[in-house]
Amino acid sequence: SKREIKMRKLDSTKVRPLKSEQLLHIEDHDFALRPGFGGSPIPVGIDVQVESIDSISEVDMDFTMTLYLRHYWKDERLSFRSNKNKSMTFDGRLIKKIWVPDVFFVHSKRSFIHDTTVENVMLRVYPDGNVLFSLRITVSAMCFMDFSRFPLDTQNCSLELESYAYNEDDLMLYWKHGNKSLSTDEHISLSQFFIEEFSASSGLAFYSSTGWYNRLFINFALRRHIFFFVLQSYFPAMLMVMLSWVSFWIDRRAVPARVSLGITTVLTMSTIMTGVSASMPQVSYIKAVDVYLWISFLFVFLSVIEYAAVNYLTTIEERKQLKKKGKASGMYSIDAVQAMAFDGCFHDTDVDMDLTTFSDRCEENETRARSASVSNLDTTHIKRKRSLKGNVGRIILQNNHVIDTYSRIIFPSVYIVFNFFYWGLYL
């Protein structure tokens, strides 16, 4: 009646549908139900273009990826007449009024749709009811990494897509163009990884309470760049091990020099190991870098133990020699190097060292120093300097312990064999 028509015009609470909604007959259908409800499952095609891999985190064991996610399906309720057979494109405002697939990312931690300058959502509807729904998304998802070969490892990660509400009886999720459904930007690169391959695959996921679901996989393999870790971990460890071998060429009686060198290399190796562990997750298994650093630390530690053995055996040997000389001649005969170990001063072999006791020898030297003239002192100093230059190499070679001699050969040889075995096993 005319009265009812007039009341409808005066009702301001009702919003008139837009022309696009009138063309698509949105008000005439219930879009809470999927297309073809009660019949066969609706096929939804997917294709993905990976824009970038933003980061890979070993500590959190996840990755962050930005991609274009596109859905393809047919909803006859959205078909419309078009003389030129052209599609209509809409932004995100129409999405809330029609049915769209509820695809989500399995094992995702964080994800969002980009909204600068507007929400990055596109809907394209064709006259026959075919629909293209595109999103630009950044997602952070878990990657189950194995660090047993770190840093010589290759990690295989995957981003998984699945419908949240519709199982395989209502929705069939598939790759739109097969293996060609996954494309990547040519300029994708990472600082620590080399992207070996991208591949698409599909499968099924079962949930005990809701049934079977179609699941799509975006697989990619990441091979780690080794050069950074060679410079930061392996090369410094090699240098510390080689530096510890310098101790084998230092006089066995130079206790401060050999002990300080050994302690310095041990502490430096501990610092290198701590720095590597701080940037890694606390896994319960041994990594490849742990094997190398611990073996290197063992070599450095053994070089310190080697000098402890040399010093101990040298002390016992000298005591035995002093006892034998004391019994044979009734006095102690101390050579120049032994005297240097006692009083810290170098003594020429030309100077008489055979005294009844070491204290008597020191008193006699003091008496001579007081009674000698300035010219005699100068002559003695010149003589000692010449003797020192000519005999220091001979003294060092003659006073090396047999353990030092063998260590100069055994330690480098074993370490070289270990390096060949290590790099051959993990590379």
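Glu 51 is partly exposed, with a relative accessible area of 26%; this class lies between buried (under 20% relative accessible area) and exposed (over 50%), as computed with a 1.4 Å probe on protein chains only. The model is predicted, so local features need pLDDT of at least 70 and side-chain atom pairs count only at pLDDT 80 or more, while totals for chains, interfaces and linings use all residues. Residues are numbered from 1 along each chain as its sequence is written, and side-chain values use heavy atoms, with hydrogens and water left out.

Side chains of opposite charge can pair when their charged atoms come close. A search of the whole structure gives 16 salt bridges, each defined as a side-chain nitrogen of Lys or Arg within 4 Å of a carboxyl oxygen of Asp or Glu. One of them joins Glu 51 to Arg 136, at 3.1 Å from N to O. Because Arg 136 lies in strand 7 (residues 130-142) and Glu 51 in strand 1 (residues 42-57), this pair ties together parts 85 residues apart in sequence. Strands (E, at least two residues) and helices (H or I, at least four) are DSSP runs numbered from the N terminus.

Asp 62 is buried, at 6% relative accessibility. Its salt bridge with Arg 110 has the closest N and O atoms 3.9 Å apart. The two residues are 48 apart, with Arg 110 in strand 5 (residues 108-113) and Asp 62 in strand 2 (residues 62-74).

Arg 253 is also buried, at 16%, and forms a salt bridge with Glu 318 at 2.2 Å, N to O. Glu 318 belongs to helix 5 (residues 288-329) and Arg 253 to the loop between helix 3 (227-245) and helix 4 (255-278), so parts 65 residues apart in sequence are tied together.
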